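User: I would like to learn how to read the features of a protein model one by one. Could you take me through the general idea each time and then the case at hand?

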Amino acid sequence: NRPTGTVDQPPAADRVDAVIVGAGLSGLYQLHRLRGIGLTTVVFEAGDDIGGTWYWNRYPGARCDIESMSYSYSFSPELDQEWEWSERYAAQPEILRYVHHVADRFGLREDIVLRTRVTRAVYDGPDHRWRLSTDTGRTVTARFVILTTGCMSVPKDPAIPGVDSFVGAVHHTARWPREDVSFAGKRVAVIGTGCSGVQAVPVIAADAASLTVFQRTPAYVLPARNRPLRATERSAFKAHYPEFREAQRRSRGGTVFAPPTRSALEADEAERTAAYEAAWDEGFLNGMLRTYTDILTDEKANETVAEFVRSKIRSIVTDPATAELLSPRTFPFATKRPCLGTDYYETYNLPHVSLVDLRTSPIERITPRGIRTSDGEHDLDAIVFATGFDALTGSQLAIDIVGKGGTTLRERWAEGPRNHLGLVSAGFPNLFTVLGPLSPSVLTNITVSLEQQVEWITDCIDHLLRNGLTEIDVTPSAEADWGARVAEIAARTLYPAVDSWYTGANVPGKPRVFLAYAGGLDRYREECDAVARGGYTGFVLS
Ligand code: N01
C-alpha cells in the first residue's frame, strides 16, 4: 500500500523520490523512515564512509559527553537490547561501530553513495522537483531533499597566516586521518581549548615528548568520571529501556533528570557547595545545571557555579599562575557548551606540558619551524587545530541552494537563518533540515532531537503523498514569528550576550543570531505536533 505520488525507481536512477544529504546518525535514520513509507531514496555522503561526526572526529580522546545508554537510537527496542556499550561515555571508535551495526542491521548501505558531495540544489518550480549536482558529476532530481548535514561538520578556518609553510604535520580535530597518528618523541602544539581540545590534550600529552597548549579562552571543564559499564548495570538498565526512552522523549533536553526547583540564591553557601560537589563527583554534562533553576538565567546564580569550578581548578593545578590562566572569567558557566574532561586540568601539572595565553601573547604567524607569538617562537613537530566549526548554518550554506524564483539560501540567510520550526525555509519547498538552526539541536542530546525531527518530516511527507499534494512551503509571516519566538526565548537566558559558536561569533562575518531554540525539546515537540495536527499551520501545502 504505497502512498500515491511516489516514483518507483532504483536509487541508481537519476530521478528518485528523496535525496538525503549526509550519512551520519540523522541521515541513516531518515533513510530508514523514508523507506518505511515506500520512497525511493538515495543518500549522498561526502566522506568515504558513513558515520558523520563520528567518522570525521577521530582525534585522540574523542568521546561523547552524553552517556552511551542515552546517546543512541531509541526507535528499535531490539537494537536497544542487543547492543552492548562498554563504557559510561562511549569513545569515538565504539560509536562508529554502533553506526555500522545499525546500517547493517537495517540494510541501509545499498542506498548510500559515498565520496559524493552535493554541491548545488536548484528548485524546478514547474516540475516541483529539486535538481541536485555533486562533485563527482552525478546529477539527480528528487521531489524531497532532507539536509542531514550535521550541526558541526564544517571546520572553521582558524585564519592564522603561514600554515602552509610549516614543515611538520598539521591536523584539525574534525578532519583526523584514518591511519594512526603517533606523536611519540614529538613536540606538539594544540590550538584551541573547547570540548575537542579538552579531550585531545591529556591523550596527546601521554604520547608526545612535549605539548604546548595555545589558549585564547579557557573553558569550564567538569570531570567525566568515565568508567567501564558492568554487565549487571547494563542488564538492569535494559530491563527498563522502554520507560527510559519514553522519559527521554518527554524531557527538556533528551537526558533524564529531575528538574531543579529552587534558585541558587535561595540556598546558603554551604548548601550550594554541597550541591556543586555532588555534581562534580557525579560527572554529568548537565550536573551543575540541574542543581538550581537559575544557573542559565541569573548572572549572580551563575557566578556561584563559575567560582566553584575555578576553586576546583586551583585545587588541582599546582602552579597558581597556570591555574589562574585556566580559570574562565569572561563568560558565564554553560553559556558556551561546558566540557567533560578526563584528567584535563591534571595534565597541566606534567613537566612536559605548558600553556600559552594567547590573550597576552597572540599568535603572529605559523613559521616553517613552529608558531611565533608576540613573545617568541615555539619550535614544533606537529600542530593540532582544535579550533571548532562554522556551526549550525555552515553545512547548509556550503551547498549552493537555489529556491523558488532563483533566490539562493545564502541570500535569504544573509542576516541569519530563517525558517519555520527549524525545519523549512520560505521559498525552499520540500527541503527539510534536521538538527539545523532555530531548532533545539545542539542544546539537546541530539539522538533524541534527530529522531523527533526525522519522524515529523517523514509524517509530513507521508501526509503530502497520501493527499496528492506536491509541495510544502512556509508563509513569510510564520517564518518571522518563529525567528522572533526563538530570539525571545533566548533573551530570557544568559546565552545571547556571549561570543560563542551558539551566536555565530566564532566565525568572522557571520551574522550574530542565537542559533538554537532554547525552549526545550519537550515544548518544541509539542509545538511541532500541534502544527501538524492543525493541518500544518504556518506552512503552505499545495
Ligand atoms: O570547538 P569550539 P570544539 N586562534 O568552538 C579556539 C561539540 N563537541 O571543536 O573561545 C586561537 O568549542 C577557541 O577560542 P575562543 C560540542 O558541542 C562535543 O572544541 O574563540 N584559538 C576555542 O577555544 C562543542 O562545543 C564533544 O577564544 C582559536 C577553540 O578554539 C563543539 O563540538 C567533543 C582560534 C574552539 O572551541 C565544538 O567544540 C568535541 C584561533 N584562530 C566537540 N580559533 C563531546 O561530545 C578558534 N580558537 C565530548
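The dialogue below goes through strands, helices, backbone angles, contacts and the ligand shell.

User: What should I know about the numbering and the kind of model before we start?

Analyst: Residues are numbered from 1 along each chain as its sequence is written. This is a predicted model, in which local features need pLDDT of at least 70 and side-chain atom pairs count only at pLDDT 80 or more, while totals for chains, interfaces and linings use all residues. Helices (H or I, at least four residues) and strands (E, at least two) are DSSP runs, numbered from the N terminus.

User: Which sense, parallel or antiparallel, does the pairing of β1 and β2 have?

Analyst: Two strands pair if DSSP finds at least two bridges between them. Here strand β1 (residues 15-21) and β2 pair in the parallel sense over four bridges, with A18 having T41 as its bridge partner in β2 and I20 having V43. On β1 there is also a pairing with β6, parallel and joined by six bridges, in which R15 has T141 as its partner. Strand β2 is in turn joined by two bridges to strand β3 (residues 112-113), again running parallel, and in β3 the bridge partner of V43 is I112.

User: Are the residues of β2 buried or exposed?

Analyst: A residue is buried if 20 or more other C-beta atoms lie within 10 Å of its own, exposed if 12 or fewer, and partly exposed in between, with C-beta atoms placed from the backbone. In strand β2 (residues 41-44), T41 and V43 point one way and V42 and F44 the other way, and all are buried. For β1, six of the seven residues are buried, so this strand is largely enclosed by the rest of the structure.

User: What does an antiparallel pair look like here, and how many bridges does it have?

Analyst: Strand β13 (residues 363-366) and strand β14 (residues 370-373) run antiparallel and are joined by three bridges. A hairpin through three residues joins β13 to β14, and I366 stands opposite I371 in β14.

User: How far apart should the ends of helix α9 be, and how far apart are they?

Analyst: The expected span of a helix is 1.5 Å times one less than its number of residues. For the 18 residues of helix α9 (residues 299-316) this gives 26 Å, and because its end C-alpha atoms are 26 Å apart, the two agree. The 14 residues of α8 should span 20 Å, and its end C-alpha atoms are likewise 20 Å apart; after α8 comes G283, whose phi is positive, near 75°.

User: What do the buried residues of α9 pack against?

Analyst: An α-helix has 3.6 residues a turn, so residues three or four places apart point the same way. The buried residues of α9 include A301, T304, V305, F308 and V309, and the buried residues of this helix pack against α8 (269-282), α10 (320-325) and α11 (344-347).

User: Which residues are in contact with T149, leaving aside its neighbours within four places in sequence?

Analyst: Two residues are in contact if their C-beta atoms, placed from the backbone, lie within 7 Å. With those sequence neighbours within four places left aside, T149 is in contact with V21, G22, S395 and Q396. T149 sits in the loop between β6 (139-147) and β7 (169-172) and counts as buried, with 26 C-beta neighbours inside 10 Å.

User: Which residues come nearest to the ligand?

Analyst: A residue is near a molecule or strand if its C-beta atom, placed from the backbone, lies within 6 Å of it. Of the 28 residues around the ligand, D65, G192, G194, S196 and G388 come nearest, and helix α5 (residues 195-207) gives the largest share of the shell, four residues.
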